[in-house]
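The sequence and structure come first.

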Amino acid sequence: MEGATEKIWMDGEFLPWDEAKIHVLTHSLHYGLGVFEGIRCYNTARGAAVFRLDEHMRRLYDSARIVGIEIPYDRKVFRDAVLETIRVNRVNECYIRPLVWRGYGSMGVNPKGAPVRCMNAVWKWGAYLGEDGLKKGIRVKVSSFTGHHPNSYMTKAKTTGNYVVSQMAKVEAVESGYDEALLVDPEGYVTQGSGENIFLVRDGVLKTPTLDGVLRGITRDAVLSLAREQGIEIEIASFARDEVYSADEAFFTGTAAELTPIREVDGRPVGSGKPGPLTLQLQSAFFSAVNGEDESHLGWLTSV
Ligand code: PPE
């Protein structure tokens with residue numbers, strides 16, 4: 001695997017990367033229920049630092065609680081294991097993937113008999129939607145797959161199973177010549193990308209959907225804070241795809257995607273067809289924060 005490192009933390013111990021294995025009758029492999037996080041560590045002038053680690057750990061434990069998985073470690077122990085994984089692999093910059101799943105021991109839909117297992121891996125992962133995407137913006141397709149109804153796939157939980165629809169949408173978008181998919185909910189309101197939250201800009205107002213049917217994005221939250229600090233007007237409200245088609249600017253946010261401009265949706269250029277001024281302003285503020293250059297947001301960084 002590209003970007004692989006040396007060791008993976010699994011159930012309390014570090015194993016060589018190639019030896020972190022599981023049984024084929026792992027419950028989660030069959031029934032799709034696990035909870036995970038995606039976190040980034042940046043190489044700052046003060047050394048390696050993890051962006052909003054505590055918020056990610058909180059969301060991991062919230063996800064587990066929502067779907068009835070009891071994580072067999074105190075949150076602090078898991079958090080320390082995440083930091084230790086970065087240290088033992090001697091990397092300054094990486095993507096971090098903690099996962100909690102139901103292991104081997106019983107089959108059948110009721111997961112309660114299968115043991116809860118935990119791991120954390122780190123690897124080098126560059127720009128999620130390409131360096132070019134970060135600079136020039138990406139092309140997006142409104143998916144033919146419907147975003148989650150919150151009473152079937154609870155979107156506040158970052159569960160592995162929630163990503164089945166994301167995968168369908170992503171493949172459909174890529175095979176249709178686009179970079180990323182945008183999903184609308186059963187009523188036609190815009191939700192999120194396959195792995196990102198969405199923002200629009202219209203007449204200087206920054207707009208993003210409510211949290212009703214989407215993941216509580218930590219990058220979304222950071223961008224909203226940065227926008228507030230810069231005096232940008234914010235509107236959090238539902239909207240359908242027509243507002244995306246007629247927006248002046250649009251962008252995606254996510255740990256992996258960071259802040260990626262959207263330059264086209266369904267063959268229609270967004271605004272001028274180039275990343276807009278507010279998008280670039282917020283992108284620059286975001287990178288200053290994650291890279292530790294913005295002194296006022298050092299509180300978002302945990303030193304490794
Ligand atoms: N919505 C979805 C569906 C989503 O997967 C993500 C993150 C977000 C919103 C943004 O959340 P946050 O990272 O807290 O700002 N997607 C993760 C998985 C990407 C992957 O391919 O794996 C991520 O960005 O790490």
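## Helix 2

How many residues does helix 2 have, and how far does it reach from its first C-alpha to its last? Helix 2 (residues 53-66) has 14 residues and reaches 20 Å, close to the 20 Å expected at 1.5 Å a residue. The expected span is 1.5 Å times one less than the number of residues. Helices (H or I, at least four residues) and strands (E, at least two) are DSSP runs, numbered from the N terminus.

This is a predicted model: local features need pLDDT of at least 70, side-chain atom pairs count only at pLDDT 80 or more, and totals for chains, interfaces and linings use all residues. Residues are numbered from 1 along each chain as its sequence is written, and side-chain values use heavy atoms, without hydrogens and water.

Buried residues of helix 2 include L53, M57, L60 and Y61. Buried means under 20% relative accessible area, with exposed over 50% and partly exposed in between (1.4 Å probe, protein chains only). G68 follows helix 2 with a positive phi, near 75°.

## Helix 6

Helix 6 (residues 218-229) should span 16 Å, because its twelve residues count 1.5 Å each; the end C-alpha atoms are 17 Å apart, which agrees. Nine of the twelve residues are buried, among them I218, R220 and L226. Just after helix 6, G231 takes a positive phi of about 75°.

## Nonpolar cores

The largest nonpolar core has 24 residues. Such a core is a set of buried Ala, Val, Leu, Ile, Met, Phe, Trp, Tyr and Cys residues joined through side-chain atoms within 4.5 Å. V50, L60 and F78 are among those with the most contacts inside it. Elements giving two or more residues to this core include helix 2, helix 3 (75-88) and strand 6 (94-102). A second, separate core of 22 residues includes Y42, F51, L206 and L282.
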